[in-house]
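Hi everyone, thanks for coming. I'd like to walk you through one model today, so please have a look at it before we start.

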Amino acid sequence: MAPRPAQLTAHTLAFHCTEQTLHDMHAYVWEFDDEAQDHWRRLGEAVTQTKKSAREQGQEEDHFLIPYSIVTTVLKQLTGGYVHLDKYLRYMVTLDTVDADDLEMVFTYLEGFCRDVPLADIPFAVKSTVAAKVAATKPQRLPLKDHIPLQEGQEVPDPPNWAYAAIKWLLAIKLAGKDFLDYPMEPVKETRQKKDGTPYERTTGWTMGETPARVRYRPMSTGELIAWNHPIGPAFVGHGHPISAEGLTAVSQNWPVDASPRELEYALSYLSTRMVTYPAFAQPVFLFDAHMRRVNNTLIYSRTAMIDQADDKPILSISLDGRGLRRANRHALEILAVLEADHTPLSAIEKRADSEKKTLSDARERAQKPSFMMPAPGVVRPLVSKKRSSAVGDGAGLHHLRMLLDHVQCVFQDAAEPFVLTSDGNVFSKRLFEKPDEAAELAKKAAKRLKKEKKDAAEYKALPFVDIFGLPSPQSVRNSLSAAGYAGVRFVCLWYRQPTRIRMLHGLAHMYGLDPHALDPGSAEPIALGEGADVVFYEADAFLRHGADIHRAHELEKIHSKVTKDGWLLATWCETEIPEAASHSDAAIERKQTSTAVARELATADAKFQTRRALSTQRSPSQYLVGVKRRYKKKEQRQDGEPAYELKPINTPKVPWEDHPVFMGLLDLHRSIGVVDGRFEEALYSPQDAHPIPRMAFCGIHIRKQQANRRFRGQPKRIITASCLIPSPAPGGTWRHIAWTNLDPEGRWRNYNEAQNLFHAHNYPLHAQDGDSDTERWAQAGRDVRDALRKLPNHLTGLPYALIVDGHACRRAWPGLHNNKQGSSQQSPDDRLWLPTQGLGTHPVSIIRMNCFQEELPRLAYVTKNGEKKPVKTSSDLYYPEGQPEGHSWFLFTEPRNYGKKRYGQHKTRWHAEPAKKTGADGGFEENEMNSPWYAMTTREINPMHTQNGYDREALAIATARLSHHALTWSDRTRYAAPLHGAQQMDLDHPQYRRSAPLDDPEQQQIIAEASDG
């Protein structure tokens, strides 16, 4: 008899909303009428016209931002920080009243600035309807218990928008009312004996220490909490935890002046609060989480700054203005001065910005790179706006989450009703490459022994290749290509360094079961890999070289004339490297070139994106392999003061399966080819499956709004890609992979590789030039998807299909996907389709909504088994809510891939992290406990919605989870299920993705000219 699966209980940082939680919580709410909103919209149009006039006159156009930015900055100062103004002026919410005369004056001066009226003339020249309407609106003091819970007549909870802002502040204030207890974990030791009888101690477990550190978190104006007086960084190690006020003052007063930049970097721990709703639950859910927030060494290059007002006020979060060098909003300062209100925080920002700008100006005059040292923690602390290497790593760690769970329960006591999730155990089969293989295990042990004995390279040649990646079999490659109409595949390896060529040869040889040492590494002729597959190597320095002055289409024609094979698909594998900043740096300094200009120049010169476009026009899928790595030179510096380094080729490792970039690249290249092997057949249609589903196709839809660009007119259109995995009608056959994109002029479903090539060969769609609004653009995207779905059944050979969408990305296209619209038959108030299936002839069996947006999902703290108290730290199982209410979601928890290596953060918080004892050759710290990531479990929500009769929602949820677990392009789980991942990856690989158009592309220059009206 098979063992009974364990019953798992997930303890999360999520809690049901109860009346006890909301007891004595109030907010002041202003609700503005339609006339006020209409005049506000006209004010925004006036700003656009003022900016246009400024540009025409050659004036600076960043001297103010939109009205919303100015007024929110002022209101935060007037209210102490707790204020939220709806950007459409539908409502305003605060925790305290605001004087009506002050509001009228704020909006009057705001309108004067927006209409470009001089400051002194505004009181006499501006009669603002918006200001009068706002001042005349009476605020209501509303109890949250009357507006957040399910209201009479509602089928699902739908709190008003203002409540989402107010509850964050009030929850944060509650949590800040008690000190956070950071209990140290102490190891439990057990004495054991070695074989020779020598005793030794082994850690058998961990127990909570007796004396906790008391950490004070302070509320922020954003609804978060931050440990303001408890910085984390190398400079604070050894000063005690928690650090005392006197200790923090001493560190600040003795702040090192000759330390390296990394030694002065620090971060702050912060807690987030949020309210969400989930299908099938009558009440909203509160989410809590712990994070790290890094402080920047400069303010002028930051987007946001935190400011300490006073102990009785929240830490203020202020958005900084400017397109280049940032500072406080000048107009906000002027309004506060007129009101005679306290503008000390904004003045502190201005003072620091002026100091940094002077440092920058002096350095440019000397043609040097400016040096900004991290100042000691002060009143103003700007935030790092982008991810980058730091002395303090990402993530708070699992132990911090466990302590946070205890803190929330301590604060709310009986009012905290946990959001409990349950799992019946693992529903995932082992991946093909994870199944026991005696020969593979012996090879791994042999490799480990050879490393330990430090054998030379010759000893490793006898090691058989072990597939630890899940490479598709040669037979599955042949089957997929045959189903797509190709006689075979020819891999065209373009290289310019011999080590990269050899790595490519070894990778392909191992995948196709050949001995790479028996192949000629210098052969210019095609090398047979097996039936229907061969490889050609071509030295293509002229084609692959970085630069904006290369005629790549001409170079590619020369290559293709020598490698083309009739009836075979060409799959191109290219060597590349990151554009070398060092070759530009000295010249940039001499020209007094800004870092932004250098970055733009490097992006323009990057060959990867230009060659991908050229290869796509030749209908050849492509993949790239980095061939060099940096090697820093000790005690040598470049002209700009940065450590000097040289580029060293990456050689083939001794152990054949340790070249991870090669084999991961091969996985992605075969995804681009359209190869689908037997992994999904085995995962979904095993004869012994306890959760069977009928044979069906799975279609994933990816929609993204391209970032607005001020060079373009109007709203940006939406980028849409779709992919569909189609099983064979009978078990054991070949699966097909097809795709669709809105860039296809014919709007056809094509083989995946053909659709991707066509997508990459076209530019992203232009911004709308007809004045359509953002909502109308989403409506158009929804209709485009419906048109694609109407054509899909023609390719499914009679099979039904399930539709998978990203609920967070697509909710603006189809309002019916929102949680607060479930059970409602209401139609959209605008032109948007209610659901992607609206008006379809053939409906999918279910719309499976996935959500991977971590801020809206419960964070796992720990797991218990079979009701035991002993916690299990991690879990990668599929969970459902306790009681399984009708229409509920499933939650898939995943242990991060890198968590199992050192498990940082499992038994301590970052305040106890140990920094590096010495710095690396590049001036940064060597890898250590403090600068490494501290992982937590990630969560995915899976909800089969609008499921047809005869189909089991649980089986569909499990199938979706398996489509993520058995990934096409990764040896672990992908974020999305395979068809949605395939659709998204088409977009991520597009040459224009998050990248400006190459300056040498005439077509793109024409597009920019047309879109920006010349």
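In which loop does Gln 413 lie? Gln 413 sits in the loop between helix H11 (398-412) and strand S18; here helices (H or I, at least four residues) and strands (E, at least two) are DSSP runs, numbered from the N terminus. Although Gln 413 is not a glycine, its phi is positive, at about 50°.

A word on where the values come from. This is a predicted model, in which local features need pLDDT of at least 70, side-chain atom pairs count only at pLDDT 80 or more, and totals for chains, interfaces and linings use all residues. Residues are numbered from 1 along each chain as its sequence is written, and side-chain values use heavy atoms, with hydrogens and water left out.

Let me stay with backbone geometry for a moment. Most residues other than glycine have a negative phi, and most peptide bonds are trans. Gln 884, which is not a glycine, has a positive phi of about 45°, and its place is in the loop between strand S34 (878-881) and S35. Gln 884 is partly exposed, with a relative accessible area of 38%; buried means under 20%, exposed over 50%, and partly exposed in between, with a 1.4 Å probe and protein chains only. There is also a cis peptide bond, joining His 241 and Pro 242, with omega at about 5°. Pro 242 lies in the loop between strand S12 (225-226) and helix H7 (245-253).

Now to helix H10, residues 344-365. At 1.5 Å a residue, its 22 residues should span 32 Å, and the end C-alpha atoms are 32 Å apart, which agrees; the expected span is 1.5 Å times one less than the number of residues. Which residues of H10 are buried? They are Pro 345, Leu 346, Ile 349, Glu 350, Arg 352, Ala 353, Glu 356, Leu 360 and Ala 363. An α-helix has 3.6 residues a turn, so residues three or four places apart point the same way. The buried residues of H10 pack against helices H2 (67-79) and H9 (330-339), and against strands S15 (304-307), S16 (316-319) and S17 (380-382).

Take Pro 345 in H10 as an example. Pro 345 counts as buried at 7% relative accessibility. Leaving aside neighbours within four places in sequence, Pro 345 is in contact (heavy atoms within 4.5 Å) with Gln 77, Ile 307, Gln 309 and Leu 316. Just after H10, Ala 367 takes a positive phi of about 55°.

Next, the aromatics. Rings of Phe, Tyr and Trp (its six-membered ring) pair if their centres lie within 6.5 Å; planes under 30 degrees apart count as stacked, over 60 as edge-to-face and the rest as tilted. By this rule there are 18 aromatic pairs. One of them is Phe 419 with Phe 891: the ring centres are 6.1 Å apart and the planes at 90°, so the pair is edge-to-face. This pair links distant parts of the chain, 472 residues apart, with Phe 419 in the loop between S18 (417-418) and S19 (421-423), and Phe 891 in strand S35 (residues 890-894). Phe 419 counts as buried at 1% relative accessibility, and Phe 891 counts as buried at 1% as well. Together with Tyr 278 and Phe 281, they form one aromatic cluster.

Last stop, the cavities. On a 1 Å grid over the protein atoms alone, a cavity is a set of points where a 1.4 Å probe fits but cannot get out, and lining residues have an atom within 4 Å of a point. Grid points are joined across faces, edges and corners, and a volume is the space filled by probe spheres set on the points. How many cavities of 30 Å³ or more are there? The count comes to 8. The largest cavity has a volume of about 110 Å³. Of its 13 lining residues, the closest to the centre are Ser 480, Ala 484, Gly 674, His 737 and Asn 751. Helix H14 (474-483), strand S29 (736-741) and helix H23 (752-761) each supply at least two residues of that lining, and H14 gives the most, with 3 residues. As for H23, 9 of its 10 residues are buried, so H23 is largely enclosed by the rest of the structure.

Conventions:
On a 1 Å grid over the protein atoms alone, a cavity is a set of points where a 1.4 Å probe fits but cannot get out, and a pocket is an open set with protein on both sides within 12 Å along at least five of seven lines; lining residues have an atom within 4 Å of a point.
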